[in-house]
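Q: Hi! Could you walk me through this structure? I'm new to this, so please keep it simple.

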Amino acid sequence: QLQLAESGGGLVQPGGSLRLSCSVTSFAVRNYVIGWFRQAPGKEREGLLCISRSGGVTNYADSVKGRFTISRDNAKNTVYLQMNSLKPEDTAIYYCAARPRATMICGAGREPEYNYWGQGTQVTVSS
């Protein structure tokens, strides 16, 4: 069973940066499409960025374009979400998720496309 675990969340001031990690266990991360999502209080879960098995990146959310980037370290079996120029509206629980093993591409960024989810990590942007 594929397992994912997020880490790196916390409290940061507006304009600051954080890097979230998504550690994958049991299987090689390069064999899965991995996406980052977030859910703010009272809002639906939102797809942010995805990295395909070939390493291609898809940006699902205009709100993070130019500020957030996704990357993968195959040796560490980890996918990262680098978040810069953070804003209070970025406050949310951040999740990483994986698509089914046979899937090669990122898709549309909708929750049902992803089978495996981490437990989430809280990011709070506040002064």
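A: Happy to! One term before we start: two strands pair if DSSP finds at least two bridges between them, and strands are DSSP runs of E with at least two residues, numbered from the N terminus. This is a predicted model, where local features need pLDDT of at least 70, side-chain atom pairs count only at pLDDT 80 or more, and totals for chains, interfaces and linings use all residues. Residues are numbered from 1 along each chain as its sequence is written, and side-chain values use heavy atoms, leaving out hydrogens and water.

Q: Which β1 side chains are buried?

A: L4 and E6, which point to one face. Buried means under 20% relative accessible area, with exposed over 50% and partly exposed in between (1.4 Å probe, protein chains only).

Q: Why do they alternate like that?

A: In a regular strand the side chains alternate between the two faces of the sheet.

Q: New topic: is A98 buried or exposed?

A: A98 is buried, because its relative accessible area is 0%. You'll find A98 in strand β9 (residues 92-98).

Q: What does A98 touch?

A: Not counting residues up to four places away in sequence, A98 touches L2, L4, Y32, V33, I34, Y114, N115 and Y116. Contact here means heavy atoms within 4.5 Å.

Q: And how far is W36 from A98?

A: They are 62 residues apart in sequence and 9.0 Å apart in space, C-alpha to C-alpha.

Note on methods. Helices (H or I, at least four residues) and strands (E, at least two) are DSSP runs, numbered from the N terminus.
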